[in-house]
Amino acid sequence: MRVRILWAAATLGLIGCETQGVVCTQEFRSAILVVRDSTGQLLSGATITTRLLRTGEILPLPLTGPLSYPGVYVILTDGAKDQLQPGGDSIGVTVSPLLGSDTLVRFLFDVPGGCHIRKVAGPDTLDLR
């Protein structure tokens, strides 16, 4: 009886969510972009717009997130994973600083196993010049 209870408890502890027979963790992933101004300082106050390039759809971003550091911006979260193709999708992120021109940065994200977003290609940091 004890073995069954321990086995059941261990099994339940591993289960997060299930997507198409794949067991996912319960974590919620976010992808970030660090933005620096022309002097190399972290840039605060920019507006970020994330667009799924395949459809032109603007993907929603949280108003606040786990990171609240100047110059660090959330560009995509697991909240958009169902809109991405599992094999990968191109994402365009427009960075609009308070002063200056908009900059478009391209990324490739996939959703392996349907669980969490994963950045395949794209920069970690954007230096505005």
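Trainee: In this predicted model, which residue of strand 6 is the bridge partner of Ile32?

Mentor: The bridge partner of Ile32 in strand 6 is Val74. Ser30 likewise has a partner in strand 6, namely Thr77.

Trainee: What makes strand 3 and strand 6 a pair?

Mentor: Two strands pair if DSSP finds at least two bridges between them. Five bridges join strand 3 (residues 30-36) to strand 6 (residues 72-77), and therefore the two count as paired. They run antiparallel.

Trainee: Why is strand 10 also called a partner of strand 3?

Mentor: Three bridges join strand 3 to strand 10 (residues 125-127); the requirement is at least two, so these strands pair as well. Here the direction is parallel, and the bridge partner of Val34 in strand 10 is Thr125.

Trainee: What is the order of the strands in the open sheet, and which are called edge strands?

Mentor: Three strands form the open sheet, in the order 6-3-10, with mixed pairing. Strand 6 and strand 10 are the edge strands, as each pairs on one side only. From one strand to the next, the twist averages 25 degrees.

Trainee: Which residues of strand 3 lie on the covered face, and which on the uncovered one?

Mentor: Ala31, Leu33 and Val35 make up the covered face, whereas Ser30, Ile32, Val34 and Arg36 belong to the uncovered face. In a regular strand, side chains alternate between the two faces of the sheet.

Definitions and conventions: Residues are numbered from 1 along each chain as its sequence is written. This is a predicted model: local features need pLDDT of at least 70, side-chain atom pairs count only at pLDDT 80 or more; totals for chains, interfaces and linings use all residues. Side-chain values use heavy atoms; hydrogens and water are left out. Buried means under 20% relative accessible area, exposed over 50%, partly exposed in between (1.4 Å probe, protein chains only). Helices (H or I, at least four residues) and strands (E, at least two) are DSSP runs, numbered from the N terminus. Axes are lines fitted to C-alpha atoms, for helices over the stretch in contact, and angles run from 0 to 180 degrees between N-to-C directions.
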